[in-house]
Amino acid sequence: MAKVLIPTPLRQYAGKQDSVELSGSTVGEVLNALTTQHPDLRRQLYNDQGKLRSFVNVYLNDEDIRYLEKDATPVKDGDTVSIVPSIAGGSVAAPPEPAVAELSKDEVLRYSRHLIMPEVGAEGQLKLKAAKVLLVGTGGLGAPLGLYLAAAGVGRIGLVDFDVVDFTNLQRQVIHGTSDVGRKKLDSAADRMHEINPFVRIDKHEVALSSENALGILKDYDIVVDGTDNFPTRYLVNDACVLLGKPNVYGSIFRFEGQATVFAYEGGPCYRCLYPEPPPPGLVPSCAEGGVLGILPGTIGLIQATETVKLILGIGAPLVGRLLLYDALAMRFRELKLRKNPECPVCGDHPTVTKLIDYEQFCGILKPVTTEGDIDPTEVKAKIDRGDSFVLIDVREPHEYQICSIPTAQLIPLGQLPQRLDELDRDIEIVAHCKSGMRSARAVDILTKAGFHARNMKGGILAWSDRVDPTVPKY
Amino acid sequence: MIRIEPDAWRDMVAHAQATYPHECCGAMLGSITDEKTVRIALPLENAYTGERGSRYELRPEDLLRADREARSRGLDVIGIYHSHPDCDAYFSETDLKNSCPWYSFVVLSIRNGAFHHANSWLPDAEQTKAEREELTY
């Protein structure tokens, strides 16, 4: 049994109790038991999307569960779960602008290599100092952007991120170091940027950008730089930029290739002019699934940084109406001409998207992937140990299988599965796994349609490493 | 309606004046019967890492500590206070966007280092508006 401490104002929804004893093996289960027992609490703690409200933090004893295993954090007998709001504020809606009338002696020294170029000069440096740039994401693209925009003297830089630094980030996210692993990316990035340039003001936005908060956050900035890695956020950033009339400096990366352009700038095209519809979910793998050359985001992020500085200074030819394509293996840049689409639903002549929408839904992302019939890695382990009759298939790629695998698993990469169905027996239960459970969910779909009895191993080999065999490396 | 007892009020004002020109912040411990009564003001650290003249941030850990402190005295955390140096005791957009609907938020206006006036606010769950609450001290 764990004890959940109820904050005073919420006791009216919990039968006036100041604490409730509940059972559950994880924090998620305990909270679920709590809100099942006291349904009125649910509305206080969770929003309409079923996510914890932005101001709600959950602590297990003295630790924020975000830095443990979130909802899956195990709970022991006698543990205490606390609900703690996050609170901040300040007298001004937007903190005061730095005085921009002139450069101090220290700044003149610091920026001297800019100042001696007539294209920048003191006038340009003051423009940089007065500029407000928002970086969405402090990952692969955000890292070089943050470092160089801070060094260049952009006066106010906003960072949006809610993640913590992880060992797998260090191969490319050079703003974070080994000693930062486990820290909030916002703190790690801001410290590094302040170390480079203490004159820069950094606003930390510790949120997942959403339709509810995007306009409020973006409106205080002149330029938005998109360093995100997923389609819902990309469409969200694009639409918010179009609605607010802010340029969107775009970059994206995949394996050895990258793209960059400037959207929503003075009559130029927007992301939706280029891609009116998102790809079907799962078609375009993320960096976590497809991998990325660690240096690639450096190259693309610096193109974004260059365009940002050019826009602020008003010099050169901005990358508007042109999509720059970069191929690291061929070491070649190409350019595609982009046109504004008069039929574009958000920036066209007769827009149909006039406010922010539900981007998860737009991108076809079903909130929880079907969980019915899912099987937990610990249950799979028990089946193996009992000698149950079933087949475990691994639908990852061969090079992933080489990194780590589960004994007894048979490798059938997802792409080959439809052709290799005859290797499987329709009378024996099949359990499919991949890295995190996404691809194996599609494998289960294929198998089920073909008449097999198949189940998906929840959380993939990553969860296996967490809960069954910690010697299995995570990648 | 929220009433702050004289000792707690004296501590809050002293805290706000001592941190001037920076914002201060803290928890208000007390009880809720027919009206809210603040018995103890617990100063907490302003953990905002930027310019603290116009911003504050409470560490959740500190709030957790305040809650334990309150429980050990048979009281509850019933509100949060902070100061606005050299401006009025309104509930700003920044206050609203980082608020929590469970508490009363008392704002103290400090002018040139001296207490000027105060208001108490009750933000809503969606962080879209805050209502003024009657405050006596």
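Predicted model: local features only at pLDDT ≥ 70, side-chain atom pairs only at ≥ 80, totals over all residues.
User: Which residues of H7(A) are buried?

Analyst: The buried residues are A:Lys185, A:Leu186, A:Ser188, A:Ala189, A:Ala190 and A:Met193.

User: What do the buried residues of H7(A) pack against?

Analyst: They pack against three elements of chain A: helix H6 (142-152), strand E8 (156-160) and strand E9.

User: Next topic. Where is A:Asp222?

Analyst: A:Asp222 sits in the loop that links helix H8 (214-218) to strand E10 (223-226) of chain A.

User: Why does A:Asp222 count as partly exposed?

Analyst: A:Asp222 has 16 C-beta neighbours inside 10 Å.

User: Which residues is A:Asp222 in contact with, leaving aside its neighbours within four places in sequence?

Analyst: Those contacts are A:Ala131, A:Lys132, A:Val133 and A:Lys246. Although A:Val133 and A:Asp222 are 89 residues apart along the chain, their C-alpha atoms are separated by 5.9 Å.

User: Now the two chains. How many residues of chain A are in contact with chain B?

Analyst: There are 25 such residues in chain A, and they are in contact with 33 residues of chain B. Four strands of chain A each supply at least two residues to this side: E3 (56-60), E5 (80-85), E6 (88-89) and E9 (201-205). The largest share, 3 residues, comes from E5(A).

User: What is the side of chain A that touches chain B made of, by class?

Analyst: That side has 15 nonpolar, 8 polar and 2 charged residues.

User: Which strand of chain B pairs with E6(A)?

Analyst: E6(A) pairs with strand E4 of chain B, residues 56-57, in the antiparallel sense over 2 bridges. Within this pairing, B:Tyr56 is the bridge partner of A:Gly89.

User: What about the sheet in chain B: in which order do its strands come?

Analyst: The 8 strands form an open sheet with mixed pairing, in the order E8-E7-E6-E5-E2-E3-E1-E9. Strands E8 (130-133) and E9 (135-136) of chain B are at the edges with a single partner strand each, so one side of each has no neighbour in the sheet.

User: Which helix packs on the sheet in chain B?

Analyst: Helix H1 of chain B, residues 6-19, packs on the sheet, and the strands it touches include E1 (2-4), E3 (36-44) and E7 (114-123). The direction of H1(B) makes about 30 degrees with that of E3(B).

User: How many residues of E5(B) are buried?

Analyst: E5(B) is mostly covered, with 10 of its 10 residues buried.

User: How do E2(B) and E5(B) pair, and how do E5(B) and E6(B) run?

Analyst: E2(B), residues 25-32, and E5(B), residues 76-85, pair in the antiparallel sense over 6 bridges. In that pairing, B:Cys25 has B:His82 as its bridge partner, and B:Leu29 has B:Val77. By contrast, E5(B) and E6(B) run parallel and are joined by 7 bridges, and B:Tyr81 stands opposite B:Val106 in E6(B).

User: Finally, what pLDDT does chain A average?

Analyst: Chain A averages a pLDDT of 90, and 96% of the residues score at least 70. Over residues 94-99 of chain A, pLDDT stays under 50, and the model has 9 contacts beyond four places in sequence for them.

Terms used:
Residues numbered from 1 in each chain as written. Chains lettered and ligands numbered in written order. Contact = placed C-beta atoms within 7 Å. Nonpolar A, V, L, I, M, F, W, Y, C, P; charged D, E, K, R; others polar. Pairing = 2+ DSSP bridges. Buried ≥ 20, exposed ≤ 12 C-beta atoms within 10 Å, placed from the backbone. Axes fitted to C-alpha atoms, helices over the stretch in contact; angles between N-to-C directions. pLDDT = per-residue confidence, 0-100.
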